[in-house]
Amino acid sequence: MGKADFVKEKSQKLGFWSIVLLTINAVIGTGIFLSPGSVAKQVGSIAPEIYFCAALFAACLAVTFASASRYVVKSGAAYAYTEAAFGESAGLYVGATRFVAASIAWGVMATGVVKTALQILRLDTSKISNVTIGFLCLMVILLIINFCGMQVFRMVSNLSTVGKLGALVLTVVAGLFLILTTGVNRLAEVELLTNDAGAKLIPTLTTGGFVTAVISAFYAFTGFESVASGSGDMENPEKNLPRALPLAIGIIALIYCGIVFVAMRIDPVSLVTSKDVVVLAAVFPNPLLKGLIVGGALVSMFGINVAASFLTPRVLEAMAADGLVPPIFAKRTESGVPIYAFLLTVALAIIIPMAFRYDMRGIMIISSISRFVQFVLVPLAVITFYYGKNRGEVIPTPKKNFVLDVPFSLLSLGLTVFLLAKFKWAAQFSIEVGDKTVPNYYAIVAMLIGYILLPAGVYFYRSRKKA
């Protein structure tokens, strides 16, 4: 390769600050617009502290994923790390469940944009038929955008970035201005709220309730774990990723904590009781400001859906290219759309939210939990790399760091296991029917298909193909 070719190839790769911006764009999406009301309803006045705890958890995991990127530079993130550490079978399971997790995440984002659009049109967002029809219409629009090619995709993606950052910065600035000029602080009011029966609306905090709230807030930080999927297109990923991921999470944490801080002091009651999908808008009484926040959130959510419609089917397409699933899922149209992968992804993205009756809190929590397979295996993989016990290939001379590779990985693993152990599993897979709580069999079956039957089918297909 000549010097000119080397310079050209380097210029086409993402540098350090581009990776930081990519991480920020990948993480900041629907979560911070949708989750604050749910978190405040679970823990009341300590919602800002819950987001801080979620940020610490995300930072620990980001450091662990960054450590893994010093050993494996192959694209694929958790899939590549697990395969390198524990072999093909473990990598296969992570690849299959990562596709499911990405599909569920898309389902959350699609539900958010559909409900926001219905709210703007003054249609009933609690009516399942309305949301389902809106969901199908959105998927048709996204398919058309994908058929239009990369130019349209880039335009919508850039518009999404401007919209989301504009809405978030506007919220923080307006909130701080109001607090500084009026001295408003209504934080204590949220603890006085009662339901129709006269009981306290905010439940007494328990370990399980605390954990569930942290996982609800953690949804707003998810996305960082997928950034390393494109490490093949990054400049010196083994050097830049370990620095870029924690820095990006720190910037995001400052923005999020600032938003929750101002919202909880201005009007925490509206944050908890509002039926609006974009609950942040309910905090501000000014109609113009409210409209700008909702508009920015809608642009952000739609743009994130466009990105998800482009990226998520390609997870399945990549698995087809590796021979893990039937080759039909790698088949593309003339315009470059992996159409069969797209259709299967759409089916999963719709089924999971339907199973949870389009309840935003429920599917946001399940979207977070669905990623925890990666959060268990990647810390173990990093420890395996450090001690040279990996079964697959890593870079020849990795830059090892005992503190980051072992204690930090053990801390990430310990926090993950603790959250999983204390999580209120029964509450997430049950529904209220009259005065009774009964199992949500649709949700249970949907998760069994995604995390047992689908990976088993992939493994069976791979075994048959090898035989």
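Leaving out neighbours within four places in sequence, Met 139 is in contact (heavy atoms within 4.5 Å) with Trp 106, Ala 110, Phe 342, Val 346, Ala 349 and Ile 350. The model here is a predicted one, so to speak of local features takes a pLDDT of at least 70 and side-chain atom pairs count only at pLDDT 80 or more, while totals for chains, interfaces and linings use all residues. Residues are numbered from 1 along each chain as its sequence is written, and side-chain values use heavy atoms, with hydrogens and water left out.

Met 139 also turns up in the largest nonpolar core, which has 135 residues; Met 139, Trp 106, Phe 218, Phe 221 and Phe 224 are the ones touching the most other members. A core here is a set of buried Ala, Val, Leu, Ile, Met, Phe, Trp, Tyr and Cys residues joined through side-chain atoms within 4.5 Å, with buried meaning under 20% relative accessible area (1.4 Å probe, protein chains only). Helix α10 (residues 237-266) supplies the largest share of this core, 14 residues; helices are DSSP runs of H or I with at least four residues, strands are E runs of at least two, and both are numbered from the N terminus. Another core, of 14 residues, lies apart from it and includes Ala 96, Phe 99, Leu 316 and Leu 348.

On to the rings. The count comes to 17 aromatic pairs, taking rings of Phe, Tyr and Trp (its six-membered ring) with centres within 6.5 Å, where planes under 30 degrees apart are stacked, over 60 edge-to-face and the rest tilted. Phe 221 and Tyr 256 are edge-to-face, because their ring centres are 5.0 Å apart and their planes at 65°. Phe 221 sits in the loop between α9 (207-218) and α10, and Tyr 256 in helix α10, so this pair ties together parts 35 residues apart in sequence. Both Phe 221 and Tyr 256 are buried. One aromatic cluster is made up of Phe 57, Phe 65, Tyr 81, Phe 218, Phe 224, Phe 372 and Phe 375.

Helix α4 (residues 47-69) spans 33 Å from first C-alpha to last over its 23 residues, close to the 33 Å expected at 1.5 Å a residue, the expected span being 1.5 Å times one less than the number of residues. Of the 23 residues in α4, 18 are buried, leaving the helix mostly covered.

Finally, the hairpin. Strands β1 (residues 430-433) and β2 (residues 436-439) pair in the antiparallel sense over 4 bridges, pairing being called when DSSP finds at least two bridges between two strands. Val 433 has Lys 436 in β2 as its bridge partner. There are 2 residues between the strands, and Gly 434 in the turn has a positive phi of about 65°.

Technical notes. Buried means under 20% relative accessible area, exposed over 50%, partly exposed in between (1.4 Å probe, protein chains only).
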